[in-house]
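Colleague: Please take a close look at a single part of this predicted model. A connected account, with the cut-offs stated, would be welcome.

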Amino acid sequence: MLKKNQSNQILVTSTRNLIEIQSIQETMPTYQIKVNGESKTVDVSEDTPVLWVLRDHLDLVGTKYGCGIGQCGACTIHVDGTAMRSCSMTLAQLDGKAITTIEGLSEDGTHPIQEAWKEVDVPQCGYCQAGQIMTASAFLESNPNPSEDDVKNAMHGNICRCASYSRIRKAVMIAAENMD
Amino acid sequence: MSTNTALTFSRRAFMRTSSLAGGGMLIGFNLFQACKPKAAPPIDLSQLNYNDFNAFIKIADNGAVTIFSPNPEIGQGVKTSMPMIIAEELDVAWKDVYVEQGILDTENYTRQVAGGSQSIRHGWDALRQTGATAKQMLINAAAARWGVDASECTVSDGIITNAAGETLGFGDVVKDASMLEVPEDVALKEPKDYKIIGKDAPNVDIHKIATGKPLFGLDYKVDGMVYAAVVRPPAFGHKLVSYDDTAAKAMPGVLNVIKIGEKVRGLLAEDPSFSSKISSSDKVVVVAESTWQAMKAKEAIKAEWEEDTSMESTEEHDKILTDLLDGSTFKTERSDGNIKKAFAEADEILERTYESPFLPHNCMEPMNFFANVTEERVHLAGPIQTPAWKAGLVAKMFGREESDIYLEMTRMGGGFGRRLYGDFVLEAAEISSVIKKPVKVVYSREDDMEDGIYRMAIKYRIKAGVKDGKITAYHLKEAAINDNMYGLIPNFFPAGAIENYQVDTANYRSNITTGAWRAPYTNFLAYAEQSFFDELAELMEVDKIQMRLDLLDKVKPEEDERIQYSPDRMKEVIKVAVEKSGWGTKPKNIHQGFVSYYCHNTHVAEVADVEVENGEPVVKKITCVVDCGIVVNPMGALNQIEGGVIDGVGHSMYGELQFENGRPTASNFDKYRMIRMKEAPLVETHFVKNEFSPTGLGEPTLPPAGGAVANAFKAATGNRLYKQPFTKTPELLKVPSKEIIG
């Protein structure tokens, strides 16, 4: 099901018709989406990944492009609180659910995960870290008292090319303690 | 005091102050000229302003201090550590310092580089002198106002105090100070008086990183900017014949489809040495209103390619490199004594061959760059390790003055050598010059992995001769794709330790582009040599550590100035590593592997602890001992060390890019294995404490890691590993079942 403004009558909700829509060049559906607590309207083609909607259309560039196939985790966002790969989902798949990006994780960068990241000084190049932080924060919501092995399992899907893994581990454990 | 005019001139040439229109003072220096005091620049000093300096301090009337960091930030931490060194000598509190990234000035400077772990080492003296000079000028201004001698004044945290106890802040005297003569022979602090150097300082960009603020090249945006995706040759050795853009042009958001390549070929014709680094084929470019539209429309381009040169493969490379090692086309890089005679007289000979694959850099931020070529200027922005080099090439490409190029350096989402080459800068500039718009070229991950400038495949063959229980001969042969080891490496350990010693190199010219990859050559050579020494010690039935120490005893750098490493500093890291790792004292279930290595001016020893789980060896911990001289920022230094070690473990375990028909067989992380959280061992670091000038840490802990793991795996499994990645030979990673039972 698509959640959108019906700015163009051609747009309907069945998958079969979506294929037809793609063949009509000028079609640019207008979507209403909820990002970081605000309602936003965007005009993009059906297949545009949420990642590029955030980056190019909403100027929320904290969410990073790493691989485009859900393998590296750099584009991780929260969809109704669950960590998901924004490179591999379209607005249609959001189905009205609310998005939180790194920019909206806290008002002023004081989420316990962000504070722990600063305390431990996790990043080297820093590029993957928004995705790491979003994965870690969603994980701690579901498991507030993790063991170190739980943390390793939860963070295994996010690549850090600079290999700041021990600091990520440490920061997640500190945040877990501080969230109690 | 005698005056050395040449020194006076050069000093004045690299250091200068000026008043700011809105109040305050700037002090700048030319970092790299400062390193070479004899090269006096032909410039009119009276014409200098703050833009003439590639790093500087800005002090406002209210005393606020901004320090500009000169070098590109790639994740190595220099944006934090270089300003720390200035702040130390300036004597301001680090918490009161605001750090900004400096821009490139192509007119006055020839080198602002992130590479070779050299920023801190080269900057150390100049950065300290700049801070100390600025401080002395502020003191002189305060002393003049008080009518006292400057020598009675002291400074702490930006406050100047005289003998009577009166105080003035930097902001109170900055206007006067900016008009004073630049003092010479300023005193530098003794290490014991350091307040900032040696203390933990978090990354200056940490808040921006943790909150997702725009920092990287991919985040860079200006009004009216469009996005470009490039259709690249389907394999190395191809060139473009024709293309059909009908479908692509009809897609939403597509603005232009163009062909590029001519400009780059012009550069390649002028300097053929680039041809192993940069592809010369034409490429088709889709320009669109958004990144996704450009990437999508790119897929709709129907391009026809033809084979230009041969389609190479890993299988073929493997044979070629072996043939080179077996052949006689070597260039001798260093030769001591007479290896031929020594081998003929040896009681025992050990010869082993080590193999490594191609590696992509896989920076997490795919290659990208912004360009806006206008009649007025060429505006470039993005992640680049060699901004000055690229600005020069872009100027040459368009036949323009280098002063027309304005280049902003963004933070880089990793570099590892890939961003030294800047082929993407040239692409962006050529595209912008054709479409006459500000444009950002963005590589997909597939572009990044399939059209890389890779670490080349290399094979080493090492042969040692033993006579009367002593190593009498050592012969290292390198067969590499495209380029051979750089000239300093033949003078690394064991050069100087073995009487008859020779290093020979040979190469094969491939059409696959190759270049520097974090710790070039040593990233593989360290493993090969250190595995070899481990095996040699077993053959000789001597203690592995003692063998290294005995060899180091023979090295006399004072008699051979080519020797790059310090045997004394090497012995010290070995000694500390033995102690801290519990070498030889571990319970039976922990198998250890030892490596000591020198590269990038830093001495490192690493011990890997391996345990057997489910019949396979698992790397649990690496103890790493580092002598990098004074540690500027321990917090940042530890991060570099841990990252380097884990990167070294990861690539030696899993890293491999194979080619078939001129094309990599992996194009994204689903097919290319990178080390991840669960495989990352614990890294325990110890610094050797001394007061030597600091050296860099971006690279030197990576090369020893693979060797430490291989030697520990041997201890655990009984098998020697001669090929990277280690997972390529899974049969050698099995522990015989009796060992498990036992």
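Modeller: In chain B, four strands form an open sheet with mixed pairing, in the order S23-S24-S25-S28. Helices (H or I, at least four residues) and strands (E, at least two) are DSSP runs numbered from the N terminus, and two strands pair if DSSP finds at least two bridges between them. Strands S23 (591-599) and S28 (682-687) of chain B are at the edges; each has a single partner strand, so one side of each lacks a neighbour in the sheet. On average, neighbouring strands are turned by 20 degrees against each other, direction ignored.

The model is predicted: local features require pLDDT of at least 70 and side-chain atom pairs pLDDT 80 or more, whereas totals for chains, interfaces and linings use all residues. Residues are numbered from 1 along each chain as its sequence is written, and chains are lettered from A and ligands numbered from 1 in the order in which they are written.

Within the sheet, S24 (602-613) and S25 (616-627) of chain B pair in the antiparallel sense over eleven bridges, and B:Val604 stands opposite B:Val626 in S25(B). Helix H17 (567-581) of chain B packs on the sheet, touching S23, S24, S25 and S28 of chain B, and its direction makes about 135 degrees with that of S25(B). Axes are lines fitted to C-alpha atoms, for helices over the stretch in contact, with angles from 0 to 180 degrees between N-to-C directions; contact requires C-beta atoms, placed from the backbone, within 7 Å.

The contact between the chains takes 51 residues from chain B and 45 residues from chain A. S28 of chain B is among the elements giving two or more residues to the side of chain B that touches chain A, together with helices H6 (206-211), H9 (291-299) and H18 (634-654) of chain B. H18(B) gives the most, with seven residues.

Conventions. Contact = placed C-beta atoms within 7 Å.
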